[in-house]
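Here is a protein model to explore. Have a look at the picture first, and then we'll walk through it piece by piece.

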Amino acid sequence: MSLQDGHELPPPIAFDLESNTALPETKGSNFDNNDICRKIIMDFLEKFFTVYDSDDRQGLLEAYHDQAYFSLCVSIPQDVPHYQRKSLHDFSRDSRNLLFVKDLAQRVKYLKHSRLNVVAFLNELPHTQHDPNSFVVDVGVAMNTLICFTVSGVFREVVSKSGGNPPIRAFSRVFTAVPAPQGLCIVNDMVTISAASPKQEKAAFTSPAPTPSPSPVPGPSGLSEPQQQMVKMFAEQSGMNEEWSQSCLEQNGWDYNKSAQVFTELKAQNKIPPEAFLK
């Protein structure tokens, strides 16, 4: 339209863009340059997926909070091959994809609540094998009382119903967790599953899996590795030295949130001696 109410309109505004602009390359993992955060998350992921890919996922009870929430979303692109689309039906039955699940009662039904219900549901899903070399981690929030991060990658089912090679699937998993004596305790777990791209299929399971770390054992201080990591994180966040940080955690039953609350209250009351901050 060049005229409006008898008046000539100015020429339209256009942008000089290349017609074949490519998307930027995918970046690797992001831990916000925090080595302690990296160590805690990678240890957690190794232990979590070792149990998740085992024959019995009941061991994941220790990983979830009593009041944890879990949801599964299946996204099936229109252009994926028929065999990929069909193979996702086992997951689609309980998908909470809000683009398609409009009914509020159904949305509530597909949201799993409490660690018993969460792990019981996980045990009903097909047995899987994840490719740890495909994992990309992105940390969104990292505080002394809470951490939220996303891990994405690929996996396959251990047994293919069609009798051939199991299809490769892409996943993205958003964990919200709080510190715990064993490392991290999940309070919210949101999983999205989709068909893998041709590039992901080609790269999947081509490298040997990394050697699992040995089970954590008490160090020279008598603390397990997760407890040592908690002490380092608490010292970094509070400004106290590790000796006083460990004492604070021990006196509060290794409950990180409670320890942080007690520290904040005592510091506000000027009841923490100066030597606690000497390093």
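## Who touches whom

Let's start with a word we'll need: two residues are in contact when they have heavy atoms within 4.5 Å. With that in hand, take Phe 48. Not counting residues up to four places away in sequence, Phe 48 touches Leu 60, Ala 63, Tyr 64, Arg 173, Phe 175, Ile 186 and Asp 189. Keep in mind that this is a predicted model.

## The whole chain

Now zoom out. The protein chain has nine helices and nine strands. Of its 279 residues, 37% are buried. The accessible surface comes to about 17,300 Å², and carbon and sulfur atoms account for 54% of that.

## The cores

Which residues touch the most other members of the largest nonpolar core? They are Ile 41, Leu 45, Phe 48, Tyr 64 and Phe 149, in a core of 52 residues. Helix H1 gives the most to this core, with eight residues. There's also a second, separate core of five residues, and Ile 168, Ala 170, Ala 196 and Ala 204 are among them.

## Rings meeting rings

Aromatic rings are worth a look here, with a count of 16 aromatic pairs. One of them is Phe 48 with Phe 49, an edge-to-face pair at 5.2 Å centre to centre, with 85° between the planes. Both Phe 48 and Phe 49 are buried. Another pair is Phe 149 and Phe 175: the ring centres are 5.6 Å apart and the planes sit at 40°, so this pair is tilted. Phe 149 lies in strand S7 (residues 147-157) and Phe 175 in strand S8, so the pair ties together parts that are 26 residues apart in sequence.

Arg 57 lies over the face of Tyr 52, 4.0 Å from the ring centre. Arg 156 does this with Phe 205, at 3.8 Å from the ring centre.

## Helix H7 and what follows

Next up is helix H7, which covers residues 225-238. Its 14 residues reach 20 Å from first C-alpha to last, close to the 20 Å expected at 1.5 Å a residue. The buried residues of H7 include Pro 226, Met 230, Met 233, Phe 234 and Ser 238. As a reminder, an α-helix has 3.6 residues a turn, so residues three or four places apart point the same way.

What do the buried residues of H7 pack against? Their partners are helix H1 (35-52), strands S8 (168-180) and S9 (183-195), and helices H8 (242-251) and H9 (256-268). Just after H7 comes Gly 239, with a positive phi of about 90°.

## Back around to Phe 277

Finally, find Phe 277, in the segment after H9. Phe 277 is partly exposed, with a relative accessible area of 30%.

Leaving aside neighbours within four places in sequence, Phe 277 is in contact with Ser 238, Gly 239, Met 240, Asn 241, Phe 263 and Ile 272.

Technical notes: Residues numbered from 1 in each chain as written. Predicted model: local features only at pLDDT ≥ 70, side-chain atom pairs only at ≥ 80, totals over all residues. Heavy atoms only, no water. Helix = DSSP H or I, 4+ residues; strand = E, 2+ residues; numbered from the N terminus. Expected span 1.5 Å × (residues − 1). Buried < 20%, exposed > 50% of the residue type's maximum accessible area, 1.4 Å probe, protein only. Phe/Tyr/Trp six-rings, centres within 6.5 Å; stacked < 30°, edge-to-face > 60°. Lys NZ or Arg CZ within 6 Å of the ring centre and 35° of its normal. Areas by Shrake-Rupley, 256 points an atom, 1.4 Å probe, with all protein chains shown as cover. Core = buried A, V, L, I, M, F, W, Y, C linked by side-chain atoms within 4.5 Å.
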